[in-house]
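Dear colleague,

I am passing on the structure we spoke about, and I would be grateful if you would look through it before reading my notes.

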Amino acid sequence: MQGGCADSGVGHVHRLAEQDAAATSGREAAEEDLSKSTARSPYQAPGGRWSNFRTYSVWQRTFMIWGFAIKFFFKLWLVGRKFSYGKAGMTEARVSERRRNLAAWLREGLIKLGPTFIKIGQQFSTRVDVLSPEFVKELEMLQDNVPAFSSEAAVATVERGLGKPILEVFQEFQLEPIAAASLGQVHLARVDGERVVVKVQRPYLKEIFDVDLKNIRVLAQILQAVDPKSDGAARDWVAIYDECSRILYQEIDYELEGKNADRFRVNFQNTPWIKVPKVLWKYTAQQVLTMEYAPGVKINRTAEIERMGVDRKELARRTVECYLQQLLTYGFFHADPHPGNIAVDAEGGGRLIYYDFGMMGTIPGDVRAGLLELFYGVYQKDPDRCIEALISMGVLVPGGDRVAVRRTAVFFLKSFEERLQQQKEEAKNNPEYGATFKNQLSKDEKKVRRKQILANIGEDLLVASADKPFRFPATFTFVVRSFTVLDGIGKGLDPRFDISEIAAPYARSLILEAKPQFAKLQQDFNKRLATQNRAVVNLFRGPNMIEDVAVTMRRLEDGDLKLRVRALDAERALTRVLANQNMMSSMLLAGTMMNIGTLFSVSAMASAATASFVGASVFGFFSLVNFLKVKNLEKKEAQLLGA
Ligand SMILES: Nc1ncnc2c1ncn2[C@@H]1O[C@H](COP(=O)(O)OP(=O)(O)OP(=O)(O)O)[C@@H](O)[C@H]1O
């Protein structure tokens with residue numbers, strides 16, 4: 001949310017009605033006051049066209065969305081085309097620069113298109129598995145900087161939601177919001193003598209969502225059909241759409257948000273350093289959420305926190321610990337922990353206040369067990385256990401190139417361990433060890449070694465990603481993004497902050513605490529793996545045991561397991577055949593269009609003839625491009641054979 005902060009106090013509260021006011025005259029005066037303040041409100045700047053949703057038709061909106069989408073995909077297509085770079089040539093740096101510019105253009109366009117697109121863009125900023133880094137980076141900056149809506153509209157929504165004139169419900173209601181975002185805005189108020197905040201939803205939001213999402217669904221279906229990578233793995237566009245729209249509709253149900261806040265509060269009721277504002281259900285409806293006023297200083301305002309005398313290091317630790325508890329203990333987590341949603345007050349040496357429970361993630365029990373297993377695997381430096389945990393959580397699909405996946409896992413575990421070890425030693429401040437560690441390899445040697453390892457891993461990752469063995473359910477991308485955000489928050493509070501330093505011992509203590517549960521978990525795992533994946537894992541682990549071979553044979557017979565042999569020559573040849581096929585089809589279509597155009601032109605149908613000739617030229621152009629591609633592939637193949 002932009003535009004204000006909870007800690008700004010209640011300086012300009014407009015007194016709308018006294019509880020004991022002699023009804024009408026007082027109310028009239030207050031209403032006059034309200035309309036005056038509405039006229040004065042600084043939040044009247046007109047937004048994009050979507051903010052006047054009532055005044056323009058569904059067709060206009062649809063037109064706008066498709067116009068934008070077509071422009072974007074055309075630009076994206078051009079980025080990957082050699083000819084569009086002219087004489088300068090297509091280099092990696094230029095492609096990346098063009099992608100960066102396009103990503104910035106996309107971000108601005110999404111803001112103009114309004115709330116649905118802003119929110120979807122924000123959700124996509126977590127999809128490192130779908131988008132290239134340039135887009136992720138740009139979408140991460142997608143802020144809700146849209147103008148607030150009028151206080152008249154806010155009052156009307158409150159009255160409609162609570163079924164009473166606002167003056168009968170609240171003793172005070174501040175017309176200027178303390179914060180405003182794309183979905184709603186927050187007003188200060190007073191009810192039953194208590195100071196509260198009222199979150200009011202932007203008018204016509206559901207109607208805008210309905211129209212926008214219908215269009216976006218069609219777009220997702222088209223992408224699913226044409227995107228060569230949409231094979232049900234990482235880029236399942238329809239599934240991504242379903243997830244986005246589910247989250248969006250959830251976010252505009254303020255009653256659900258209230259329930260989430262209640263659940264979160266109950267989870268942390270015994271943690272004195274966490275505060276979750278109470279929901280006042282009597283004054284809450286689907287588009288109106290009334291909560292206890294809980295002001296605080298935003299967690300990224302380090303100078304103010306310092307002035308409050310709060311230990312910043314401890315605060316950073318608490319933020320991570322709270323998040324780990326959400327994930328691993330309760331399986332119910334805040335999916336949007338950006339600095340605007342976490343504040344601090346001085347109570348209890350720095351209490352964390354959480355806002356905004358519109359986007360929450362849940363982790364089912366078995367996945368949580370899988371996560372613990374993963375932590376355990378990392379803790380025990382056991383790559384097979386990590387792989388098994390990833391399979392059990394459905395993140396890793398069995399059947400891909402497991403050798404590559406395993407090697408990648410081993411590398412990550414090694415470098416993780418190396419880092420932890422280094423930190424431990426540095427923390428111990430043992431100059432002797434530090435010197436040994438640093439002197440083990442010279443700087444250059446280290447560089448070369450790292451480069452070699454990275455090259456190998458790069459190859460493995462390429463193979464792994466060609467097989468697309470990873471599936472990232474939305475929950476995981478939220479977890480990953482949350483860790484990134486928390487890392488940023490932590491580093492802001494304490495420059496020496498390292499998330500793994502806190503996470504590792506915490507996970508360890510959790511594992512030790514849950515030992516009995518863990519023993520059972522391990523038994524379950526082993527049982528399941530004995531019949532499913534253990535044999536496959538062991539195949540890559542070293543000498544096979546007889547029973548594993550038997551299980552593998554049985555799985556082969558059952559068709560559960562496929563053996564894959566990669567023949568790079570054959571793959572290359574296939575690519576060339578496909579390019580040849582494309583060239584032939586384009587030539588055929590160009591010829592056909594040419595003939596049709598000639599027929600039209602002799603029948604004096606000028607415009608139809610022109611259209612056909614244009615079509616013929618386009619297909620002709622594609623034939624040429626494909627012809628060049630085939631030549632290029634042939635050349636490369638000849639070089640390889642020569643080598
Ligand atoms: N109970 C509260 N007490 C004090 N301030 C609050 C309270 N709830 C919300 N706020 C203030 O209002 C701001 C916006 O609230 P919230 O995040 O719930 O709205 P939102 O519409 O979901 O915004 P966004 O989508 O940007 O997170 C918070 O950052 C905080 O400053």
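Predicted model: local features only at pLDDT ≥ 70, side-chain atom pairs only at ≥ 80, totals over all residues.

The chain holds 24 helices and 11 strands, and buried residues account for 43% of its 643 residues. Of the contacts with a separation of 6 or more, 68% are made by residues 24 or more positions apart. The accessible surface of the chain amounts to about 34,200 Å², and carbon and sulfur atoms contribute 58% of that area.

One stretch carries an annotation from a record: an unreviewed UniProt entry places a "transmembrane region" at residues 608–628.

Turning to helix packing, I looked at two pairs. Helix α2 (residues 58–79) and helix α8 (residues 205–226) have axes that come within 10 Å and cross at roughly 35°, and the crossing of α2 and α8 is right-handed. On the α2 side the contact is formed by V58, R61, T62, I65, W66, A69 and F73, which meet I208, V211, D212, N215, V218, L219, I222 and L223 of α8. Sorted by class, the residues of this contact between α2 and α8 are 11 nonpolar, two polar and two charged.

The second pair is α3 and α5, whose axes lie 9 Å apart and pack at an angle of about 35°, again with a right-handed crossing. Here S96, R99, R100, L102, A103, A104, L106, R107 and L110 in α3 meet E134, F135, E138 and L139 in α5. The contact of α3 with α5 divides into seven nonpolar, one polar and five charged residues.

T116 and F209 are 93 residues apart along the chain, yet their C-alpha atoms are separated by 6.0 Å. F209 counts as buried because its relative accessible area is 0%, and the cut-off for buried is under 20%.

Most residues other than glycine have a negative phi. D192, however, which is not a glycine, has a positive phi near 45°, and D192 sits in the loop between β3 (184–191) and β4 (194–201). Is D192 buried or exposed? With a relative accessibility of 51%, D192 counts as exposed, the cut-off for exposed being over 50%. D356 likewise is not a glycine and has a positive phi, of about 65°, and D356 is found in the loop between β10 (351–354) and β11 (360–362).

Terms used:
Residues numbered from 1 in each chain as written. Heavy atoms only, no water. Axes fitted to C-alpha atoms, helices over the stretch in contact; angles between N-to-C directions. Helix = DSSP H or I, 4+ residues; strand = E, 2+ residues; numbered from the N terminus. Left-handed = near helix turned anticlockwise from the far one by under 90°. Contact = heavy atoms within 4.5 Å. Nonpolar A, V, L, I, M, F, W, Y, C, P; charged D, E, K, R; others polar. UniProt positions renumbered as here; feature names shortened; annotations may be inferred. Buried < 20%, exposed > 50% of the residue type's maximum accessible area, 1.4 Å probe, protein only. Areas by Shrake-Rupley, 256 points an atom, 1.4 Å probe, with all protein chains shown as cover.
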